[in-house]
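Here is a brief report on one protein model. Please keep the sequence and the coordinates open while reading.

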Amino acid sequence: MYQPKFIEVSHDISVEVKPLYLEEESNPVVHKHVFAYFITIKNMGNHNVQLLRRHWDIKDSTGEDHEIDGEGVIGIQPDISPGKEHTYNSFCVLKSYKGSMQGYYTMERDDGKMIKVRIPEFLLNAHLLN
């Protein structure tokens with residue numbers, strides 16, 4: 001099955017997202033649609049960075065929007081050295097078959113500079129619609 005990917009680069013950090021609809025975890029009868037997303041963060045710069053916080057803007061085609069702020073990703077605040085990457089996956093639950101997510105990571109470089117690294121807007125579309 002085709003799996004789209006979405007990429008954005010800011011502050012010499014690349015963020016790549018691959019979303020996936022989880023049909024076996026979803027239940028359309030009760031308006032529960034589960035989407036996984038797989039993220040690769042690549043440090044293409046010259047400074048070590050630490051991912052401190054995340055911010056998400058989540059849009060559901062039902063019109064319900066949510067914001068999520070929190071420390072790190074999946075319980076950690078990873079350090080990413082120049083030329084290295086950090087990968088993780090997580091999920092979100094929507095009430096409809098489609099929506100979108102975007103946001104940013106707050107990171108600190110090893111020189112003390114705080115940066116906001118953009119997470120590209122990515123579409124959450126259930127393959128059941130195709």
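## Hairpin of strands 4 and 5

Strand 4 and strand 5 make a hairpin, with four residues between them. In the turn, Gly 63 has a positive phi of about 100 degrees. Strand 4 covers residues 49–60 and strand 5 covers residues 65–71. The two run antiparallel and are joined by seven bridges. Trp 56 has Ile 68 in strand 5 as its bridge partner. Strands here are DSSP runs (E, at least two residues), numbered from the N terminus. Two strands pair if DSSP finds at least two bridges between them.

## Basis of the model

This is a predicted model: local features need pLDDT of at least 70, side-chain atom pairs count only at pLDDT 80 or more, and totals for chains, interfaces and linings use all residues. Residues are numbered from 1 along each chain as its sequence is written, and side-chain values use heavy atoms, with hydrogens and water left out.

Four strands form an open sheet in the order 1-2-3-7, with antiparallel pairing. Strand 1 (6–10) and strand 7 (85–94) are the edge strands, and each pairs on one side only. From one strand to the next, the twist averages 20 degrees. The angles run from 0 to 180 degrees between N-to-C directions, with axes fitted to C-alpha atoms.

Strand 2 (residues 13–21) and strand 3 (residues 33–43) run antiparallel, joined by nine bridges. Ser 14 stands opposite Lys 42 in strand 3.

## Nonpolar core

The largest nonpolar core has 27 residues. Such a core is a set of buried Ala, Val, Leu, Ile, Met, Phe, Trp, Tyr and Cys residues joined through side-chain atoms within 4.5 Å. Buried means under 20% relative accessible area, exposed over 50%, partly exposed in between (1.4 Å probe, protein chains only). Ile 39, Ile 41, Trp 56, Tyr 105, Met 107 and Phe 122 touch the most other members. Strands 2, 3, 4, 7, 8 (98–109) and 9 (114–125) each supply at least two core residues. Strand 9 gives the largest share, five residues.

Ile 39 touches residues including Val 15, Val 17, Trp 56, Tyr 88 and Tyr 105, not counting residues up to four places away in sequence. Contact means heavy atoms within 4.5 Å.

## His 11

His 11 sits in the loop between strand 1 and strand 2. Is His 11 buried or partly exposed? At a relative accessible area of 44%, His 11 is partly exposed.

Leaving aside neighbours within four places in sequence, His 11 contacts Ile 115 and Lys 116. A polar atom of the His 11 side chain lies 3.4 Å from the backbone oxygen of Lys 116. The C-alpha atoms of His 11 and Asn 43 are separated by 9.1 Å, at 32 residues apart along the chain.

Technical notes: A polar contact is a pair of N or O atoms within 3.5 Å; within protein, one must be able to donate a hydrogen and the other to accept it, and residues adjacent in sequence count only if both atoms are side-chain atoms.
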